[in-house]
Amino acid sequence: MTNRSDVLVVGAGFAGMYALYRYRNQGLNVTVLEAGSDVGGTWYWNRYPGARCDVPSLEYSYGFSEALEQEWDWPEVFSAQPDILRYANHVADRFDLRRDIRFNTRVVALEYLEADNLWRATTEQDEQLEAQFCVMATGCLSVPNKPKLPGADSFQGTVLYTGLWPKEPVDLTGCRVGIIGTGSSGVQAIPELARQAGHLTVFQRTPVYTVPANRKRMRADVQQEFRDNYLAIREMQQNNAGGISNFRPVRSVKRSVAESSTSTSATAIPTTSLPASSLSAPALAPNKILNLTPEERLALVQARGLNMLLTFRDVYTDPEANEAANETFREAISSMVDDPTVGERLSPTTYGLGCKRQVLDRDYYDTFNRDNVTLVDLIESPIETITTKGIRTSATHHDLDVLIYATGFDAMTGALLKANIRGRDGKRLTDKWRDGPVAYLGLQMHGFPNLFTITGPGSPSVLSNMLVAIEQHVNWIGDCIEYLGTNNLQNIEPEPAAEVDWVAHVNEVAKGTMYTTPSCNSWYLGSNVPGKPRIFMPYVGGYPRYRERCEQVVANGYEGFRLG
Ligand code: NA7
C-alpha cells in the first residue's frame with residue numbers, strides 16, 4: 001500500500017466496509033484506516049453480554065450483493081452481537097476487503113491541503129496518508145461517554161465500558177459487579193450480568209421504558225421467503241420512513257395464526273415504520289389509548305405485553321394520551337417487580353414514551369426480583385465519589401470488584417469532532433460546530449471540500465435502518481466522485497446558505513415531536529453529554545423524503561453544492 005490513495009475511508013464498520021467495496025469496484029484506489037484490530041465497527045467494540053440489534057437481521061443486512069443475501073444464515077430474528085460480527089467478518093472475507101484496510105490505525109488528525117487539493121490523515125503512529133477524497137465512516141455511536149466522576153481513577157478493581165468491551169472473555173463468577181447506566185446497553189447487559197455475577201448493583205440515574213424483545217429463532221422457511229423476495233424487499237425499504245420493509249412472509253403469517261393459541265413467547269415486535277421512537281415499534285393500532293379506561297389499558301398490557309402501549313398513535317402525538325400510556329407502564333412495572341420500592345424506583349416519571357429510542361430487553365424487570373441484584377437510585381442518593389474499593393453514594397458505600405460504565409456515547413458528532421479535522425484555511429470542525437453540527441444533507445460541510453460524512457448529523461441515520469442509510473450515502477458519494485471525474489472537476493463542498501437552510505429544515509421537522517419535548521433528554525439531542533449543545537441531530541422527516549431530496553439535488557446538477 002502506498003501513502004497516497006484516491007479515497008481515504010476512516011472506519012471499517014458496516015459503512016467503511018461497503019465504501020471500500022463500492023469505491024474499489026468503481027476503479028478507485030481506496031485505503032481504509034481502522035482503530036480496531038478487525039472489521040465490524042459498533043459490533044466490534046460493543047461485545048458486552050446481552051448486546052443485540054433492535055432491527056431484524058434480515059433487514060439489518062447489506063442489500064448490495066444478491067449472492068450475499070442468498071448465502072448467509074441468520075440464527076435469530078433479532079441478532080446478537082456475535083452473529084452480527086460473524087456476518088461482518090464473512091463480508092470482509094468474501095469480498096477480500098482486508099487487503100485495503102489498515103487495522104490498529106487510529107486517525108488523530110485530518111487536514112485539508114488546499115494547494116494540492118488533498119486530505120492528509122495523521123495516525124496515532126504518526127504516519128501520514130493522503131487522498132483527494134476523505135470519507136468519514138466513523139459511526140454514530142462510537143465514542144463512549146465517560147462521565148467525569150470524582151475519584152474515578154482511584155478504583156482498584158476492574159473497570160469496563162460496555163462500548164469498549166474486551167475481546168477476551170470476562171469471568172464475573174462470584175464477583176461484586178456494579179453497573180452505572182440503564183439505557184439500551186445497561187438494560188441489555190443487566191440480566192446477563194446478574195446471571196454471571198455474585199452480586200450486581202445497578203446504579204440508575206433515570207429509569208427506562210423497556211419492552212420485551214422478540215426472542216425468536218430464525219425459521220428456515222421465513223428466511224427463504226425473504227431470500228425469494230429480496231428484490232422487492234429492498235425496494236420497500238427505500239420507501240419506508242425507517243428503511244424497514246415491513247415484509248410479512250406469507251408462510252410465516254399462516255403459521256403464526258395456527259401457532260398463536262399455543263405461543264408463550266414474549267410479544268413479537270414486528271418491524272414497521274417509525275412514528276414512534278423505535279425502528280422496531282409494533283404496527284400502530286388505529287384506535288386511541290384515550291378510548292380505553294385505565295383498567296382496560298392495564299388489562300391489555302397484562303394480557304398482551306407492554307409492547308401494546310407502543311401501538312397507539314395518539315401516544316406519540318397527544319400529551320394526555322402519552323401520559324396515559326406512561327401511567328399504565330408504571331402500573332405494569334409495579335406488578336412485575338416484587339419489592340414495591342424497587343418497582344417505584346424503576347418507574348420513569350420525568351419524561352414520556354417516545355422521547356428516547358425505544359429500549360428492548362430480555363427479562364429486565366424480572367432481574368430485579370433476584371436476590372443477588374440491588375438497585376441504587378442515584379437521584380435519591382447521588383454518587384459522591386468512586387473509591388479504591390467501590391462507589392460511595394450519599395447513603396452508603398458499595399463494595400465492588402468490577403465497575404462497568406454503560407453510560408452511552410457522544411453520539412453522532414463525537415467521532416467527527418475527535419478526529420481533529422481542519423479544513424480550508426486551517427478552520428477546525430470543532431469551531432464550526434461549536435453551537436451544534438452544521439452540514440448539508442448530513443453529507444458535507446462548507447469549508448471542508450471533498451470530505452464526506454456517512455450518516456452524518458442532519459441525515460436520517462439512527463432513525464432509520466442503518467444499513468439502508470449507509471448504502472444510500474456510500475452510493476451517493478461514489479456517484480458524486482464519479483461525476484466529478486467525468487466532468488473534470490476537482491472538488492465539491494456545500495454552499496454556506498444550503499447547509500444553513502438544511503439545518504433549519506432538520507430543526508423544523510423535529511419541532512413538535514415527542515423527541516424534542518422540553519422534558520426529554522436523549523442522546524439524539526446531545527443532552528447526555530455535559531456541555532454538548534442541545535440540538536436534535538438526526539433527520540426525522542423520514543428516509544424516503546430524505547433520499548428523494550438527495551436524488552433531486554443530483555438531478556439539479558448538485559444543487560446547493562459548489563463544484564470546482
Ligand atoms: P444511553 O441510552 O445514552 O444510556 C446511558 C445511560 O447511562 C443512561 O441511563 C444515563 O442516565 C446513564 N448515565 C450517563 N452518565 C451518567 C452519570 N454521570 N451518572 C449516572 N448515570 C449516567 O446509552 P446506551 O449505550 O445505553 O444506548 C445508546 C444507544 O445504543 C441506544 O439508544 C441504541 O441505539 C444503541 P441518564 O438517562 O442520562 O440520566
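Student: Why is Arg4 called partly exposed?

Tutor: Its relative accessible area is 48%. Buried means under 20%, exposed over 50%, and partly exposed in between (1.4 Å probe, protein chains only). So Arg4 counts as partly exposed. This is a predicted model: local features need pLDDT of at least 70, side-chain atom pairs count only at pLDDT 80 or more, and totals for chains, interfaces and linings use all residues. Residues are numbered from 1 along each chain as its sequence is written, and side-chain values use heavy atoms, with hydrogens and water left out.

Student: What makes Glu130 count as buried?

Tutor: Glu130 has 15% relative accessibility. That is under 20%, so Glu130 is buried.

Student: How do you know that Arg4 and Glu130 meet in a salt bridge?

Tutor: A salt bridge is a side-chain nitrogen of Lys or Arg within 4 Å of a carboxyl oxygen of Asp or Glu. Here N to O is 3.1 Å, so the pair qualifies. By this rule the count comes to 33 salt bridges.

Student: Why does the pair Arg4 and Glu130 tie together parts that are apart in sequence?

Tutor: Arg4 lies in strand S1 (residues 4-10) and Glu130 in strand S6 (residues 128-136), so the parts tied together are 126 residues apart. Strands (E, at least two residues) and helices (H or I, at least four) are DSSP runs, numbered from the N terminus.

Student: What separates Arg330 and Glu327 in helix H9?

Tutor: About one helical turn, because they are three residues apart in helix H9 (residues 319-336).

Student: Is Arg330 buried or exposed?

Tutor: Buried: its relative accessible area is 13%.
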